[in-house]
Amino acid sequence: MKLDNYKTRIIDRQIKLYLEIFGAILIEGPKWCGKTWTAKNVCNSEFLLANPSGNFNNKHIALLNPELALLGEKPRLIDEWQEVPALWDAVRGKVDENSSKGQFILTGSASINKNQYIHSGTGRIARLKMRTMSLFESGRSDGKISLEDICSGKTKDVYTGEVSLKTLIDYILSGGWPGALKFSSKQSIIIAKEYINSVINEDIYKLDNIKRDKHKVTLLLTSLARNESTTVTNATLKRDIKEKDLDDIDVDTIVNYLNLLNDLHLIENIPPFATKVRSSLRVKQSEKRHFVDPSLPCAILNMTEDKLLNNLDYLGFLFESMVERDLLTYVASFNAKLFHYQDYKNNEIDAVIELEDGEWCAVEIKLGAHQIDEAAKNLIKINNEIKKEGGKPAKTMLVICGLTNAAYKREDGVYVVPITSLKD
């Protein structure tokens, strides 16, 4: 069902490859990130569980006989399969019966408890993670510079042009929602606010039909938004809520709610780059907190352009959030992984890209061009310390900046690239 107005996504190449290898694939990710639309573009038939026609007739059919949902030209899309968990085992069984590849694409915006289906699907159903649109996918990056090329040491100096601070703020507030590309940032932030309202009032309950304290969910979301792009602990989240909101929430509840937000693909934390360095430096094990899209913390905290212009420190964290959202999509396209680095000597690297061959690349993320020198010096210092302590040095060092007007390699060997010219 090739869609005439389909906007290409980076994950498209992975989907094509996986359909050639596996009998079925599952595309997971947050609501409204474009999973269904992307799957429709490669499928020849569809079965939509959330279709309300006939009083949700499709869902009733799947509940009565899951195999009926699988009848149709292949590849067949089974959208929001988690509404009827038995569909997982039905798909797995059908793939076992017929060894042909690329039979089904399942999509889901919520993870479910694995005891709701029998088989894991290993070897039959492969998983892919989809995120909101990167700047390159949404057309906000000109894509003159490839991240994969930089990680491989292949670069070129390019003049990319000026980018204003207000433009970057607009990209942060708008987010990467495919359905909001034609809207202004003021309109797009309304979508993000409705997204959060839906999570609080509906989605968390629908996961397991257990009622939660909406007020406490809101408190946690607000604290997470205040601490976006930091390694804040659960205990610190608890203290933050008590200090800022004059309310309290116990750590066990925080853990439970964080697991729910993770199941809804609302948050995606960046893990620490720990023993991978193999130096004697002691490395902290805290994850870096992230919402899946920078527009979400903005919506939670009622941020506007004027508020962000008057709070440049927080804007810096949001810019880092947007860049790391893009990096997660870009590195997945060449089978790399994203981490962050923080040791007990107070050395920090914003992002670490681990390549398939074990090499790694160090990335600092800075909003202003005046921060490039300091960022480059920090990368070189930490890299030298890691080498001194017997660890493996970075293959590439890179500063991703918001307000630089060129992509180039510095005399000290550190690369500089504007986020608005980066692609996979």
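A polar contact is a pair of N or O atoms within 3.5 Å; within protein, one must be able to donate a hydrogen and the other to accept it. The model discussed here is predicted.

Asn 347 sits in a loop, between strand 8 (337-342) and strand 9 (348-354). The residue is buried, because its relative accessible area is 2% and buried means under 20%. Two side chains make polar contacts with the side chain of Asn 347: Lys 381 and Glu 385.

| Side-chain pair | Polar contact |
|---|---|
| Asn 347 and Lys 381 | 2.7 Å |
| Asn 347 and Glu 385 | 3.1 Å |

Leaving aside neighbours within four places in sequence, Asn 347 is also in contact with Tyr 341, Gln 342 and Ile 382, among others. Lys 244 lies elsewhere: Asn 347 and Lys 244 are 29 Å apart, C-alpha to C-alpha, and 103 residues apart in sequence.

**The nonpolar cores**

In soluble globular proteins, nonpolar side chains tend to be buried together. Here the largest nonpolar core holds 79 residues. Leu 147, Ile 353 and Leu 422 touch the most other members. Helix 13 (residues 312-333) supplies the largest share of this core, 10 residues.

A second core is separate and has 20 residues. Ile 349, Val 352, Ile 372 and Leu 379 are among them.

Beyond four places in sequence, the contacts of Ile 353 include Leu 147, Cys 151, Val 331, Ala 336 and Leu 338. Trp 360, Cys 361 and Val 363 are also in contact with Ile 353, as are Lys 337 and Glu 359.

How values were computed: Residues numbered from 1 in each chain as written. Predicted model: local features only at pLDDT ≥ 70, side-chain atom pairs only at ≥ 80, totals over all residues. Heavy atoms only, no water. Core = buried A, V, L, I, M, F, W, Y, C linked by side-chain atoms within 4.5 Å. Buried < 20%, exposed > 50% of the residue type's maximum accessible area, 1.4 Å probe, protein only. Helix = DSSP H or I, 4+ residues; strand = E, 2+ residues; numbered from the N terminus. Contact = heavy atoms within 4.5 Å.
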